[in-house]
Amino acid sequence: MIHREEILRNLKRYDHKKIKIGTICSHSALQIFHGARSEGFGTVGICTSDRRFAYEAFQFAKPDEYITVNHYQDLIKEEFQQQLLRRNIVIIPHGSFVEYVGAENLKKEFRVPIYGNRSALEFEGDRRKMRAWLQDAGIKTPREYSDPSKIDRPCIIKFHGARGGRGFFVVDSEKRYQEEVGKRIKEGTMTKSDAEEVTIQELIVGVRYYPQYFYSLMFDGEVKAGNGRVELLGIDRRLESNVDDLYRIPERARAFVEPSYVVTGNLPVVLRESLLPQTLDLGRRVTEASLRLFPPGMIGPFCLETVCTDDLEFITFEVSARIVAGTNLYPEGSPYSCYLFSEPMSTGRRMAREIKEGIHKKRLADLVS
Ligand code: AMP
């Protein structure tokens, strides 16, 4: 287990005038490098050699330097951690970073300062902890069923640790649940232990919105939470295969097609302005709960996955405790960030701005873990 004192000792050894921003070349790395560069930071891409050309292809977003690895998990190795520390790197953890390196490895072995609170990643990665977080926030969440015999309405079945919706399916009774699980075990797409660990969650019908927030410790103003403010930087929704295009199939054929929920891309959206108070309040509540559950809380970017029902009520089914790929829609800012900042402000740039402000105020230690 890596203790905070050790990370802060490493941060103290950094030359704060030469801090660089680093991340794995994947997920939202172009946006992160582009944003860091706009704020005047040097950037370091951790990359496998086969991917490097894809970053070199974008001259305003490619990193200034690369650290080449064979496997992303190599980052845990002493030799690579030393390289990161020597270069004064603050790591930005995005979704692929956490997936490749592993939340457990980050907690137990990674001594390099990471922007944000590592405990938030732990809450995000464990469905039970995530639910406790959303419930502590006092916001509406879908009903969950501890046992298939209790299924009394359409439910979505989620795999433990499933990424990007892969393998999710919908049932409306215990009988259907057993049939579907049996079929999947036979096909080999599900194991018995998967079946023991699934989450059975009420399927919420409505329109999906994924608001992207930022909890700032450096800037004051509305919406207040703890000693900081919650910003709404953008909203997206995902394009999931095949459910989002099922309407294109003739109705008579639809009965034979099973919906799937695999994330393939994102679309920009804006909300009715009268729904903004609720949306901002969701962000504030989730931040305040994070301050109670894992102080110093949800530092930096996070996203809620919500469905807005026809009662104009948001039901939140998931939280991502880091930059989400949906922010890639707004490298030059969004229809919300432009009312907060007078220059193009992506989430990548927003993190760099916060780090810059932290350095300026000699409070960088408050922003990393
Ligand atoms: P997740 O892995 O939880 O982000 O879910 C992947 C996708 O499944 C979401 O983007 C939604 O389209 C869908 N989904 C998940 N949970 C629910 C729910 N409770 N009700 C309706 N759709 C859901």
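Predicted model: local features only at pLDDT ≥ 70, side-chain atom pairs only at ≥ 80, totals over all residues.
**Exercise 1. The antiparallel sheet**

Determine the order of the strands β5, β6, β7 and β8 in their open sheet, and explain why one side of each edge strand has no neighbour in the sheet.

Solution. 
- Step 1: strand order. The order is β5-β8-β6-β7, and the pairing of these 4 strands is antiparallel.
- Step 2: edges. β5 (144–145) and β7 (169–171) stand at the edges with a single partner strand each, so one side of each lacks a neighbour in the sheet.
- Step 3: one pair in detail. β5 pairs with strand β8 (residues 199–202) in the antiparallel sense over 2 bridges. Here Tyr-145 stands opposite Ile-200 in β8.
- Step 4: the helix on the sheet. Helix α9 (residues 174–187) packs on the sheet and touches β6 (155–158), β7 and β8. The direction of α9 makes about 150° with that of β7.

**Exercise 2. Helix α2 against helix α13**

Classify the packing of α2 with helix α13 (residues 347–360) from the angle and describe the contact.

Solution. 
- Step 1: geometry. The two helices pack at an angle of about 45°, and their axes are 7 Å apart.
- Step 2: class of angle. The angle makes α2 oblique to α13.
- Step 3: handedness. The crossing of α2 and α13 is right-handed.
- Step 4: residues. From α2 the contact takes Gln-31, Ile-32, Gly-35, Ala-36 and Ser-38; from α13 it takes Thr-347, Gly-348, Arg-349, Met-351 and Ala-352.
- Step 5: classes of residue. This contact has 4 nonpolar, 5 polar and 1 charged residues.

**Exercise 3. Helix α8 and its two partners**

Describe how helix α8 packs with α7 and with α12.

Solution. 
- Step 1: α7 with α8. Helix α7 (residues 118–125) packs on α8 at an angle of about 105°, with the axes 5 Å apart. This angle makes α7 roughly perpendicular to α8.
- Step 2: residues. Ala-120, Glu-122, Phe-123, Glu-124 and Gly-125 of α7 meet Arg-127, Lys-129, Met-130 and Trp-133 of α8. By class they divide into 4 nonpolar, 1 polar and 4 charged.
- Step 3: the ring pair. In the pair of Phe-123 and Trp-133 the centres are 6.3 Å apart and the planes stand at 90°, so the pair is edge-to-face. Phe-123 lies in α7 and Trp-133 in α8, so this pair ties together parts that are 10 residues apart in sequence.
- Step 4: α8 with α12. Helix α8 (residues 127–136) and helix α12 (residues 276–293) pack at an angle of about 115°, and their axes are 8 Å apart. The crossing of these two helices is right-handed.
- Step 5: residues. Ala-132, Trp-133, Leu-134 and Asp-136 of α8 touch Val-286, Ala-289, Ser-290, Arg-292 and Leu-293 of α12. The division by class is 6 nonpolar, 1 polar and 2 charged.

**Exercise 4. Backbone details**

Locate the cis peptide bonds at Asn-242 and Pro-296, and the residue Asn-88 with its positive phi.

Solution. 
- Step 1: Ser-241 and Asn-242 are joined by a cis peptide bond with omega of about 5°. Asn-242 is found in strand β11 (residues 228–242).
- Step 2: Pro-295 and Pro-296 are also joined by a cis peptide bond, with omega of about 5°. Pro-296 lies in the loop between α12 and β13 (300–308).
- Step 3: Asn-88 is not a glycine, yet its phi is positive, near 60°. Asn-88 is placed in the loop between α4 (78–86) and β4 (89–91).

Conventions
Residues numbered from 1 in each chain as written. Heavy atoms only, no water. Axes fitted to C-alpha atoms, helices over the stretch in contact; angles between N-to-C directions. Left-handed = near helix turned anticlockwise from the far one by under 90°. Contact = heavy atoms within 4.5 Å. Nonpolar A, V, L, I, M, F, W, Y, C, P; charged D, E, K, R; others polar. Pairing = 2+ DSSP bridges. Parallel < 35°, antiparallel > 145°, perpendicular 65-115°, else oblique. Phe/Tyr/Trp six-rings, centres within 6.5 Å; stacked < 30°, edge-to-face > 60°.
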